[in-house]
Amino acid sequence: MADYQHSSIEAKWQAFWKDNGTFKAKTDSSKPKFYALDMFPYPSGAGLHVGHPLGYIASDIVSRHKRNKGFNVLHPMGFDAFGLPAEQYAIQTGQHPAITTKTNIARYKEQLENIGFAFDWDKEVQTCDPNYYKWTQWIFIQIFNSWYNKKTNRAEPIDYLIAIFEQTGNTDVEAVCDEDTPSFSVAEWKGFTEEEQQKILLKYRLTYLSETAVNWCPELGTVLSNDEVKDGFSERGGHPVVKKKMKQWSMRITAYAERLLNDLETIDWPEPLKEMQRNWIGRSVGAELRFQVEKHDLTIEVFTTRIDTVFGVTFLAIAPESDLLDTLTTPGQMEEVKAYATAAANRSERDRMTDVKTITGVFTGSYAINPFNGNRVPIWVADYVLAGYGTGAVMAVPCGDQRDYDFAKHFDLPIVPVIEGADISEQANATKGGKMMNSAFLNGLSYAEAIEKAIAFAEEKGVGRGRVNYRLRDAIFARQRYWGEPVPVYFKNELPYPVAEADLPIVLPEIDKYLPTADGDPPLGRAEHFDYTPHGDAKAYPLELSTMPGWAGSSWYWFRYMDAHNNKHFVGADAQNYWQQVDLYIGGSEHATGHLLYARFWTKILHDLGHVSVQEPFKKLINQGMIQGRSNFVYRVKGENKFVSYGLHKDYDSVAMHVDVNIVYNDELNIEAFKKWRPDLVDAEFILENGKYICGWEVEKMSKSKYNVVNPDDIIEKYGADTLRLYEMFLGPLEQFKPWNTNGIDGVNKFLKKLWRLFHNEEGVFKVSDATPEKAEWKALHKTIKKAEEDIERYAFNTSVSTFMICVNELSALKCNKKAVLEPLLVIISPYAPHITEELWSQLGHSTSIIEAAYPTFDEQYLQEDEVEYPVMINGKMRAKVLVPADFDKSQVEEAALAQENVIKWLEGKTPKKIIVVPNKIVNLVV
């Protein structure tokens, strides 16, 4: 083979890997294990662009390197296949989402295989496969049949709780449960009907049904989680989202708030991502207080971290979604309050939290009594209070909180100072440094002393207690959509019961349309006979019509990869105990408060229930940066079909227009391709500079609308997959954002051709020598061995590519074709460029894949120098250089430097006052 033919070489080795199961992983206790994983991709119809493979290439390099280092590597791939886009397409076209998804997956797999990833496709999973979601449903049932025991600080089977009820009632039970859970004795429990018992158990279960304020998207016809809503619109499609009360499935992730927070210290994740989770969980230590509502038999409960300022409360504010709103609002205020609540429902929580300039609120007409001083305080409804955080009500202390201060100023409410020396003339002052004032028995106390005394007073009077609060809310676990996992629950007397595990999976039924029913039920309401007959019961009961949320199947999938074909367990104990957890997980930081939090949550539940041996799913996590688009522009003269080149466009009245980057090379427009790009451009005229049309450019997000999407298929066709892999790594550090610029890809492609030529003579004939390498050749190799291994351990892939280029340049200059050097060099480069290295490896006479080869051992002796060149400085200026043996001591170096002809010349017969020799670096003479 005369030249490097990437197309035939890459096709050959991709077929070899597939036919020989090269990347198939098995449990092998004789080897150390390494589990590398990329975040579950959703197979969109658009396929991959060049930004998508970035993280996959990085994990592939590490996986291949670990194989060379003797590890047993698991590097699987699958698809998070349930999703709104396929269902939206089904609504528009009537095509079943499964068909769309299957087509998209086939396209994704084709593209991934073309890039040469070392994926173990034998373990592929797809969340929409009934054989997979059978186990998602099974896990749901385990969670449904569990409760959280505060005494043991873990989830336990609900049967344990029932046994306690049958022995002692619930008076000694310490559990995470609904706040309105009643107390009962053994006799009372035994006297309850089955329905009454099931209703009580539902207050303890880790997944439960409740009336909840949810994010409802009418256009999508479903509930969205908080992380799926951005600024009042759905993240998917940008549709308006409103708050609405609905009966929903939820999971008690709040039971795990403290463990989720504390265990962040046990995992190697980026600190910014950890901080995002800490903020989302939002732990705060404070107190719970109850304010009696005047003329009503009810109290308003608030949570505060500053109970020391309770004497500064001048109003209460409740959330517009509060259940108390109708009760608290007087007839004269009802119309205004209802209008306000409706308007607030159309604003997202994020918008309400961040918009500090817009101050709105309405007085309900009711008053509450401050439990510390008996003062009447008005109750307002204000949209800066969120129903989903704390209690949905705040005790407003304008002197110490800026939003309360601004609200009080706006509505002319009192502002009472309670901290000595705190200036509140212009704004609130939340200092903790002063002594208390205007605070009765707290006067003169410090912040810490006042907190302690105020909590003691509240607990003694029965009006409050000290407590820890979390911003984290229980996770909504339902979607009113078709394309998702059916919830394995049937309803008997309107109460939920899990289906028998032996009857799983509950398979998605066929329906005529993918829209809600005429009665407003979810699409599954259209299915005929979507019901369940329990064992031993002749009656059929209706199944749950909602489906699971998009995050269900991705909250445990890494366990399935460990044992993908196990029909008896979601993962076998032997496989899970061997693979344990993911050693390296690569994906985007946008999943911090969604997938990554839910994955940790489910892992902890499965651990508590004895199904897995680990409490954290992902040992190390890297957030890869985004490859941004590099857009190109042409400049159209206004009112004409004429385009002026970049360097001249300011001389004309022109408008910039995005142009397809695939018809631009090194910013030069392919004019003929441009004319064919759109019908209106066929007759376009051009004003050129130096005979060329030069385009403008700008770095932007890669998107179709900006015509800056680069398809990896095009790059592979022209340059090869190895060039693509190397170039994506070469662009910059993995974690950083960087622009895609095809202009630089030629250099990487030339490097591969240069590597190829090391193994071939000028006639293109393979020619490698068995001769012993020269010292300079050994040095070039071992520098590369050392640097490449250090770089991979640091995930600094971009500098490795530079190192390869330097090494190949040095070996080319030395005309090195020694097998002893070139063979280990191939192993070093192979994780980055697997196809070309496999081909050259086989030409060296090997019959097995290069991935089976041992990584070469670095030998320090080859980097040791025989001689050292010292620059000689005289009064700060370099006047000479001296080459001496490396083992010379300081006196010998000094003697050699003074004997240099140029040194003698510049000394002019003078004796240096001072001579400084820095070993292996420099000689300084001071005259």
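Helices (H or I, at least four residues) and strands (E, at least two) are DSSP runs, numbered from the N terminus. This is a predicted model: local features need pLDDT of at least 70, side-chain atom pairs count only at pLDDT 80 or more, and totals for chains, interfaces and linings use all residues. Residues are numbered from 1 along each chain as its sequence is written, and side-chain values use heavy atoms, with hydrogens and water left out.

**Whole model**

Select everything. The protein has 28 helices and 36 strands. Its C-alpha atoms fill a box of roughly 105 × 80 × 75 Å along the principal axes. Now colour by burial. Of the 927 residues, 53% are buried (under 20% relative accessible area; exposed is over 50%, partly exposed in between; 1.4 Å probe, protein chains only). Contacts come next (heavy atoms within 4.5 Å). Among those between residues at least 6 apart in sequence, 71% join residues at least 24 apart.

**Loop with Asn438**

Asn438 sits in the loop between helix 14 (402-410) and helix 15 (447-461). Its phi is positive, about 50 degrees, although Asn438 is not a glycine. Most residues other than glycine have a negative phi, and most peptide bonds are trans.

**Loop with Pro505**

Pro505 lies in the loop between strand 20 (495-498) and strand 21 (531-532). Check the bond from Leu504 to Pro505: this peptide bond is cis, with omega near 5 degrees.

**Loop with Tyr707**

The loop between strand 31 (696-700) and helix 20 (712-719) holds Tyr707. Tyr707 has a positive phi of about 55 degrees, and is not a glycine. Its relative accessibility of 35% makes Tyr707 partly exposed.

Four strands form an open sheet in the order 34-33-36-35, with mixed pairing (two strands pair if DSSP finds at least two bridges between them). Strand 34 (877-885) and strand 35 (914-918) are at the edges with a single partner strand each, so one side of each has no neighbour in the sheet. On average, neighbouring strands of this sheet are turned by 20 degrees against each other, direction ignored. Strand 33 (867-874) and strand 36 (922-926) pair in the parallel sense over three bridges. Zoom to Val872: it stands opposite Val923 in strand 36.

Finally, show helix 27 (890-898). Helix 27 lies across strands 33, 34, 35 and 36, and runs at about 120 degrees to strand 35. Axes are lines fitted to C-alpha atoms, for helices over the stretch in contact; angles run from 0 to 180 degrees between N-to-C directions.
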